[in-house]
Amino acid sequence: MSSQFGFEAGFWSFLLAIQFGFQPDITRIFASGEVIATACVIVQEGLLKVYFGLQALLLTEGTQALRSWTLKDSLGKAGVPAALYAVQNLCTILAFREIDGLTYNILNQSKLIWNAVLVYIFLGESFKLPQILSLCVIIVTTLLITIDPEKHSQHSKDNGNYPMGVIYTLTASMISGIASTSIQYNLQKLKRNSYLMSAELGFYSAVFLMIKVMTEGVMGLGDGAKIFSSSFFAGFNATTLVPLATTSAGGIIVGQVTRTIGGVGKAYALLVGLLLSAIVHADKITWRLGISVPLIMIAFWLKFYVGRKPNPKSTIVGAVKGKTD
């Protein structure tokens, strides 16, 4: 971690805490109610990520990284994670509609289990005792929240489908863990430029979803049928841009926090975000969820701090995906 925690580091850390703590609620409030087609939100989010990724690439390295770019190479390295990323985003937005932000943020950490196992298998990174303990704690918190009968009852009263929200979240987390491993492989082993890959992921995700929407439209199913019967922007307004912008800018925020105060500092910013989310959702905290909050904080501490050596390459994986851990 940097020896100085100045205004710049504090500014980016504050933004990261806010985004991590409140992104589920921001999306649920501004983009989940009136927008008729979930895929439309993600397509536009992907295009925004193309813009942010290319801007960052041009500012840092100019056009040098684009000179050797080929479509075949790009599809080979970014195509599969982009397809996974598109499905993950669909599951995430569906989860936002069914469960509160705090529950989502805790359940979503189960992606670290998938990522750890796959990184061990494909990249050969061994487990240390603190990391094993961290994964065990995450498993416990996932089970506590999944079987919480009070949350089931609570969300039923709020017209939410808690079991489906849990399923969507765990599915998104699993896909996220797989996609993160693929991205990490490209960054570490194949030396892919992180900003270029971020733009590629956003573009190909948007393309995959557009193909999905057009196919559904022809068949009269799902989002495609909704769009064909109304319009691509049905239900959109000025506020819909809020979650799109905050999600798309997430990668830049993660990258800046990592640059100014390192991976450990990033972990502390995420912990602050989790605490803020817990405060906002205090009226919805059951005893199982209440236990899960400090447990997941302990898991963060074990994963990011205890016995962990800095790994600059792995810290930019979240920045490439535009997600936080």
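Helices here (H or I, at least four residues) and strands (E, at least two) are DSSP runs, numbered from the N terminus. The model is a predicted one, so local features need pLDDT of at least 70 and side-chain atom pairs count only at pLDDT 80 or more, while totals for chains, interfaces and linings use all residues. Residues are numbered from 1 along each chain as its sequence is written, and side-chain values use heavy atoms, with hydrogens and water left out.

UniProt, in an unreviewed entry, lists residues 129-147, 167-187, 194-211, 231-254, 261-279 and 285-306 under "transmembrane region"; its positions are given in the numbering used here, feature names are shortened, and annotations may be inferred rather than shown by experiment. Take residues 167-187: the chain there is 100% helix and 0% strand, with 30 Å between the end C-alpha atoms. Residues 194-211 are likewise 100% helix and 0% strand, and their end C-alpha atoms lie 26 Å apart.

Now for the chain as a whole. Of its 325 residues, 52% are buried, where buried means under 20% relative accessible area, exposed over 50%, and partly exposed in between (1.4 Å probe, protein chains only). Among contacts (heavy atoms within 4.5 Å) with a separation of 6 or more, 87% link residues 24 or more positions apart.

What sits inside? The largest nonpolar core has 35 residues, and Leu-16, Leu-102, Ile-106 and Phe-300 have the most contacts within it. Such a core is a set of buried Ala, Val, Leu, Ile, Met, Phe, Trp, Tyr and Cys residues joined through side-chain atoms within 4.5 Å. Helices supplying at least two residues each to this core include α1 (7-30), α4 (71-98), α9 (162-188) and α14 (287-304). The most comes from α13, which gives 10 residues. Domain 1 (1-33 + 238-281) and domain 2 (37-237 + 285-322) both contribute residues, so the core lies between them; the domain bounds come from an automatic or database domain assignment.

α6 has 13 residues and reaches 17 Å from its first C-alpha to its last, close to the 18 Å expected at 1.5 Å a residue; the expected span is 1.5 Å times one less than the number of residues. Its buried residues, among them Lys-111, Asn-115 and Leu-118, pack against α7, α9 and α14. Phe-122 also lies in α6, but Phe-122 is exposed, with a relative accessible area of 57%. Phe-122 and Tyr-185 are 63 residues apart in sequence, yet 8.1 Å apart in space, C-alpha to C-alpha. After α6 comes Gly-124, with a positive phi near 75 degrees.

α7 has 18 residues and reaches 26 Å from first C-alpha to last, close to the 26 Å expected at 1.5 Å a residue. Pro-130, Ser-134 and Ile-145 are among the buried residues of α7, and their cover includes α5, α6, α9 and α14.

Finally, Leu-201 is found in helix α10 (residues 194-219). Leu-201 counts as buried because its relative accessibility is 3%. Leu-201 and Leu-84 are 117 residues apart in sequence and 9.7 Å apart in space, C-alpha to C-alpha.
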